Number of protein chains: 2
Amino acid sequence: MLQDGRRPGEAAISTSIEFYFDFISPFGFFAARRIDALAAKYGRRVDWRPFNLRTVAVATGFDRPMIAYPIKGDYFRRDVPRLARLHGVEPWNVADIRGINAAAAGRAFYWAADRSPEAARQLALRVYHALYCEAMDACVPEWLAAEIGRLGLDADAYRDSIGDPDQKARYKRITEEAMEKGVFGSPYIIVDGEPFWGSDRLWMVEKWLSDGGW
Amino acid sequence: MLQDGRRPGEAAISTSIEFYFDFISPFGFFAARRIDALAAKYGRRVDWRPFNLRTVAVATGFDRPMIAYPIKGDYFRRDVPRLARLHGVEPWNVADIRGINAAAAGRAFYWAADRSPEAARQLALRVYHALYCEAMDACVPEWLAAEIGRLGLDADAYRDSIGDPDQKARYKRITEEAMEKGVFGSPYIIVDGEPFWGSDRLWMVEKWLSDGGW
């Protein structure tokens, strides 16, 4: 029996897929490139939800970014570029992710999403591409404003919104909601209440969608 | 260029695949069920190497088992049974893994491997099955001795070997070697010097084997 009361095989209720990610996570990028097509194949939409992974990591008992753990961090540094190559994400040319203010991009995302969810989605993909393929710090107001303008939204209105306490509170609230839902990493995908962590698990998301649960 | 000097596409040197795992790791079990068939498909053999995951975890900055971290632990408790179901490992009926002495099974494995690598491999699979499908603590001398006898080896000679300082030192040395090679989790698979962490990455191991590196 599924969480919404259906039995496996019954027609799926077309709820949105919750896609939690942070721009500091390259695994979030790998999933971001594929999640919409995967969802569309099964008649689903995706709610993109950038959140603050560092806040969540600390709250769940990890005192530093995974990349900063000895040995495991070395593995990630080797693993991420080869994953990029295997997924055809080239060139792989990464900005100094430790130095970026991903929250700024997250807040810009939600500002854009209020005006056009599709523009916000494009913005997120552009931020990811700039950070990981163009070695560019895309989490600064000038870059974000220019991109927002290019996406057909009002760049000046966005600039005026920067520093708005409501925007900060919203990003914080979404991060807190993520934690309440059990999110501890990026990407973290929730379908019909079922959680899937990691870009390695898109096959499992697809199996859930195709089977109508299990 | 690959680590052994070949270019991708050149005939693979048929080195063994190093398969590091710990019995406390159900992900090690999922990989153990599939690794030999995968290797054989590409003319490779597998060196099975149980090691002490707890020792490695502490050395790499994790102060407790993953299952004991808040939120992430909850996810694993939900994830592992569904993975078992999807992989057809049924029934899923787990012993209290926190209470087991996996080192005893590891040492028994190496004792058996000196006499018959195939018997040792069967022993490892039997230990895993007992722990995760029969809710049985398979890491105790009586159980291990009986199983060793069933596999055609000398159960009394095994019993006499228990507590042998050389056996303990060997298991410790293999764990230390694992750390020197960068092993930080289970399963951890090394092919031609290329590392792969997790049962989620067997697809990548296969890609390496089929492409002759990348």
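Predicted model: local features only at pLDDT ≥ 70, side-chain atom pairs only at ≥ 80, totals over all residues.
## Salt bridge between the chains

A salt bridge is counted here when a side-chain nitrogen of Lys or Arg lies within 4 Å of a carboxyl oxygen of Asp or Glu. B:Glu194 belongs to strand β4 (residues 194-197) of chain B and A:Arg82 to helix α4 of chain A, so the pair joins two chains. B:Glu194 has a relative accessible area of 8% and is therefore buried. A:Arg82 is also a buried residue, because its relative accessibility is 2%.

A salt bridge is also found between A:Glu194 and B:Arg82, where the side chains meet at 3.0 Å, N to O. Side chains of opposite charge can pair when their charged atoms come close. Salt bridges with shared partners link A:Arg78, A:Asp79, A:Arg82, A:Asp200, B:Glu194 and B:Arg201 into one network.

## Interface of chain A and chain B

How many residues of chain A are in contact with chain B? The count is 37 residues of chain A, against 36 residues of chain B. About 3200 Å² of area is buried between the two chains, and carbon and sulfur atoms give 62% of it.

The rule finds 8 salt bridges across this interface. With both residues at pLDDT 80 or more, 12 residue pairs are in polar contact across the interface. On the side of chain A that touches chain B, the elements giving two or more residues are α4 (72-86), β4 (194-197) and α10 (202-211) of chain A. Helix α4(A) supplies the largest share of that side, 9 residues. By residue type, the side of chain A that touches chain B divides into 21 nonpolar, 6 polar and 10 charged residues.

## Salt bridges within a chain

Over all chains, the structure holds 46 salt bridges. One of the pairs within chain A is A:Arg170 with A:Asp114, whose closest N and O atoms are 2.8 Å apart. A:Arg170 is in helix α9 (residues 165-180) of chain A and A:Asp114 in helix α5 (residues 102-115) of chain A, so this pair ties together parts that are 56 residues apart in sequence. A:Arg170 is classed as partly exposed because its relative accessibility is 23%. A:Asp114, at 51% relative accessibility, is classed as exposed.

In chain B, B:Glu147 forms a salt bridge with B:Arg150, and the closest N and O atoms are 2.5 Å apart. Both residues lie in helix α7 (residues 141-150) of chain B, and because they are 3 residues apart there, about one helical turn separates them. Is B:Glu147 buried or exposed? B:Glu147 is buried, with a relative accessible area of 4%, whereas B:Arg150 is exposed, with a relative accessible area of 60%.

## Nonpolar cores

The largest nonpolar core has 143 residues. Which of its residues touch the most other members? They are A:Val127, A:Leu131, B:Trp48, B:Val127 and B:Leu131. Helix α6 (residues 117-133) of chain B contributes the largest share of this core, 11 residues. With neighbours within four places in sequence set aside, B:Val127 is in contact with B:Phe23, B:Ala105, B:Ala138, B:Cys139, B:Trp143 and B:Leu144.

Another core, of 6 residues, lies apart from the largest one, and its members include A:Ala57, A:Phe62, B:Phe62 and B:Tyr69. In soluble globular proteins, nonpolar side chains tend to be buried together.

B:Arg44 is placed in the loop between α2 (35-41) and β2 (46-50) of chain B. Its relative accessibility is 7%, and B:Arg44 therefore counts as buried. What does the side chain of B:Arg44 join in a polar contact of 3.0 Å? The partner is the side chain of B:Asp192. A polar atom of the B:Arg44 side chain also lies 3.1 Å from the backbone oxygen of B:Thr15.

B:Glu177 is located in helix α9 (residues 165-180) of chain B. B:Glu177 has a relative accessible area of 32%, so this residue is partly exposed. Between B:Glu177 and B:Ser116 the separation is 61 residues in sequence and 22 Å in space, C-alpha to C-alpha.

How values were computed:
Residues numbered from 1 in each chain as written. Chains lettered and ligands numbered in written order. Heavy atoms only, no water. Contact = heavy atoms within 4.5 Å. Buried area = accessible area lost by both parts, 1.4 Å probe. Polar contact = N/O pair within 3.5 Å; in protein donor to acceptor, adjacent residues only side chain to side chain. Helix = DSSP H or I, 4+ residues; strand = E, 2+ residues; numbered from the N terminus. Nonpolar A, V, L, I, M, F, W, Y, C, P; charged D, E, K, R; others polar. Buried < 20%, exposed > 50% of the residue type's maximum accessible area, 1.4 Å probe, protein only. Core = buried A, V, L, I, M, F, W, Y, C linked by side-chain atoms within 4.5 Å.
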